[in-house]
Amino acid sequence: MGPPPDPGLLSLYDRALPEVYGYLLARCGQRALAEDLTAETFLAAVRAEADGGGPTSVGWLIGTARHKLVDHWRRREREQRSLRLLDGGADDAEDPWDARLDALRAQQVLERLTPAQRAALTLRYLDDLPVPRVAALLGRTVHATEALLVRSRIAFRRRYEATDTDTDTDTDTETTEPTGGAT
Amino acid sequence: MTDPERPFRALARPVTPVEPDPAFAAALRDRLRRALLSQQPAVPARTPTPGGRPAMSPLIPYLAVRDARAAIAWYVDAFGAREVGDHYVMDDDRIGHAELDVAGATLYLADEYPELGLTGPEEGKTSVSLHLTVSDVDAAVARAEAVGATVTRRPADAPYGRTGAIVDPYGHHWLLQTPTRPPEPGPRPGDAVYLTLQVPDGARARDFYEAVLGWSAAPGRVPDGWQVEGTTPMIGIGGGSSEPGTVPMYAVDDIEVAVAAVRTAGGQAGDIERQSYGLSALCRDDQGLPFWLGQLA
C-alpha cells in the first residue's frame, strides 16, 4: 500500500521542464542530447530527494543540468583525446578582436570546437560564470582554465572568421585542428 | 583598449524556456513517477507496519487499462476493492496513476499510454494473470460474473486450493483461489523452542519481567512455576533454583539419536523423560552449559 508518488517533484517537473530543457538545448544544440541530459538531471533530483537532500528548485536543477553538460563534454573530450594531435597548440598571444558576434553563427562555431574549448566558452560566456567557477566545474586549476580560455577564444575566432568568407557553412572542412571526425 | 574577451561577452544567454517534444515530456514524467515509486522503502512482505496496515509488497502489478475510470469502479464493484488516495489525472484527462486495495493487496493502474508502449490486453490475449486469494472463491466468481466478467474456469478443488478464473471486462485475466489451509509449520531441528528461567523466586522473576518486558504469566504445573503467555519461543519461569540461569530447549527429530550425539561429543545427557508435549532430556554440553533436548509430539 505505497503512498502515491511525491507530487512535489512531479509538479516541479511540470513547471521546470521547459527551463531545464531550454537551458540544455541552447548550450548543446542537439535535441536528442538535450533530452538525454534533461532526463539525467531530473533522475538525479529523484535520487537527491530520496537521499534526504530535498533540493528541488529550478536553480538546483539548472546547476545539476550544467554539471551533466560538463560531464558530457568531458566524456567527449576523453573519446577524442586519442584522435587529436594537440589541444590547439596555438600561440597564446591574442590580438584584440573587435567583431560583433552573430548569435546563430557563434552557436555553429561553438559546435565545431573541441569539447573542452566548447565547455570553457559556454560556461564562461553563455552562462556568464566567473573563471574560478568555470575552473571548479571543469576540474581544472584557475591558471589552466585561463590558458584554456585563451586557446578557446583563438580557436573560436579562427573558425568564426573562416565562416565569414564561406557562406555555406556545411562545406567548412577546415582541418587545421582535427576534432576526431566531429566536423 | 585591448580586451580579447569583449566580443564574447555578447554571447551571454539567459535561460530561455523551451517546450520539449510532448512525447518526450510525457515519457520522462512517467519515468520519474516510476523512479519515485521504486524508492518507497522496501520492507519485507507480511510485516505489519506500526499503524496496523500491511507493509508494501516489493512487487506490485501495474495495469494499463482502457478506460481506467470505469475499470476502477468495476474492481470496486466486483472485488470490493477500495481506492487508496486520489488518482492522478493528466492534462489530457487520462488517469496517470491510481492505487487500489484489493482484498488487502495493492494494485496500481493507469489508462493506456500507447505512445509509451503501455496498452491493455487485446481481445482474448493477455500475458500476465492476476492471482488473487479470496476467502470464498465460489462467491467471488459469482459476484464477478454478475457484474460482467467472463468466467473461464468454474471454481473447482485442486490440491493447492479451490480455484476459478475470470476475464474482467477490460481483458485482464484473474485467477481467484481459496487456498487449502497449510499444516502449521512445526519447529525445525535445532530451533530453540522453549526457554526456562531458573531462579530462586519464580513469582519475583514474573513480577520483574512483567514490569520490564510487559510479559504476563499464568501459574504453571509445578509450585512457583509460571508460564509466560504469547512469546516466541515459549518461556517458562521455574522457582526454587539455587543458581539463576536460563536453560533453552532445542528441538530434535529423534531424541535417542540426539542424546547419543551429546555423549559422543563429550557432553552429558540425562534420562529421556516423557512429557505432555513429547520427549525431553536434560543435557550439559562439554563445558557444562545446561540445555534441554525436546522431541515434540
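The numbered points below go through a predicted model, beginning with chain A and then turning to chain B.

1. Confidence in chain A. The average pLDDT of chain A is 78, and 75% of the residues score at least 70. Among the helices named for this chain, α4(A) has the lowest confidence, with a mean of 85, while α5(A) has the highest, at 92. Two stretches call for careful reading: residues 1-5 of chain A have a pLDDT below 50, although the model gives this stretch 24 contacts beyond near neighbours in sequence, and residues 85-90 of chain A also stay under 50, with eight contacts beyond four places in sequence.

2. Overall make-up of chain A. Chain A contains seven helices and zero strands, so that its pattern, read along the sequence, is α-α-α-α-α-α-α. Of its 183 residues, 50% count as buried. When contacts between residues at least 6 apart in sequence are considered, 67% of those in chain A join residues at least 24 apart.

3. A:Phe42 as an example. Which residues does A:Phe42 contact, leaving aside its neighbours within four places in sequence? Within chain A, the partners of A:Phe42 are A:Tyr13, A:Ala16, A:Leu17, A:Val20 and A:Leu61, and in chain B they are B:Leu28 and B:Leu32.

4. The packing of α4(A) against α5(A). Two packed helices are described by the angle between their axes and the distance between the axes. For helix α4 (residues 103-112) and helix α5 (residues 115-126) of chain A, the axes come within 9 Å and cross at roughly 145°. The contact involves A:Gln107, A:Leu110 and A:Glu111 from α4(A), which meet A:Arg118, A:Leu121, A:Thr122 and A:Leu126 from α5(A). By type, the residues of this contact are three nonpolar, two polar and two charged.

5. Why is α5(A) described as largely enclosed by the rest of the structure? The reason is that 12 of the 12 residues of α5(A) are buried, and these include charged residues such as A:Arg118 and A:Arg124. After this helix comes A:Asp128, whose phi is positive, near 55°.

6. B:Thr196 belongs to strand β9 (residues 192-198) of chain B, and because its relative accessibility is 18%, B:Thr196 counts as buried. Its contacts, apart from neighbours within four places in sequence, are with B:Gly236, B:Gly245, B:Thr246 and B:Val247. B:Val259, in helix α6 (residues 255-264) of chain B, is likewise counted as buried, at 4% relative accessibility. Beyond residues up to four places away in sequence, B:Val259 touches B:Ala269, B:Ile272, B:Ala281 and B:Leu293.

7. Most residues other than glycine have a negative phi, and most peptide bonds are trans. B:Asp67, however, has a positive phi near 60°, and this residue lies in the loop between β1 (62-65) and α3 (68-79) of chain B. B:Asp224 also has a positive phi, of about 60°, and is found in the loop between β10 (217-219) and β11 of chain B. Are these residues buried or partly exposed? B:Asp67 counts as partly exposed, at 46% relative accessibility, and so does B:Asp224, at 28%.

8. Cysteines. A search of the whole structure finds zero disulfides over all chains. A:Cys28 is buried, with a relative accessible area of 0%, and B:Cys283 is buried too, at 2%.

Key: Residues are numbered from 1 along each chain as its sequence is written. Chains are lettered from A and ligands numbered from 1 in the order in which they are written. This is a predicted model: local features need pLDDT of at least 70, side-chain atom pairs count only at pLDDT 80 or more; totals for chains, interfaces and linings use all residues. Side-chain values use heavy atoms; hydrogens and water are left out. Axes are lines fitted to C-alpha atoms, for helices over the stretch in contact, and angles run from 0 to 180 degrees between N-to-C directions. Helices (H or I, at least four residues) and strands (E, at least two) are DSSP runs, numbered from the N terminus. Contact means heavy atoms within 4.5 Å. A disulfide is a pair of cysteine sulfur atoms within 2.5 Å. Buried means under 20% relative accessible area, exposed over 50%, partly exposed in between (1.4 Å probe, protein chains only). pLDDT is the predictor's confidence in each residue, from 0 to 100.
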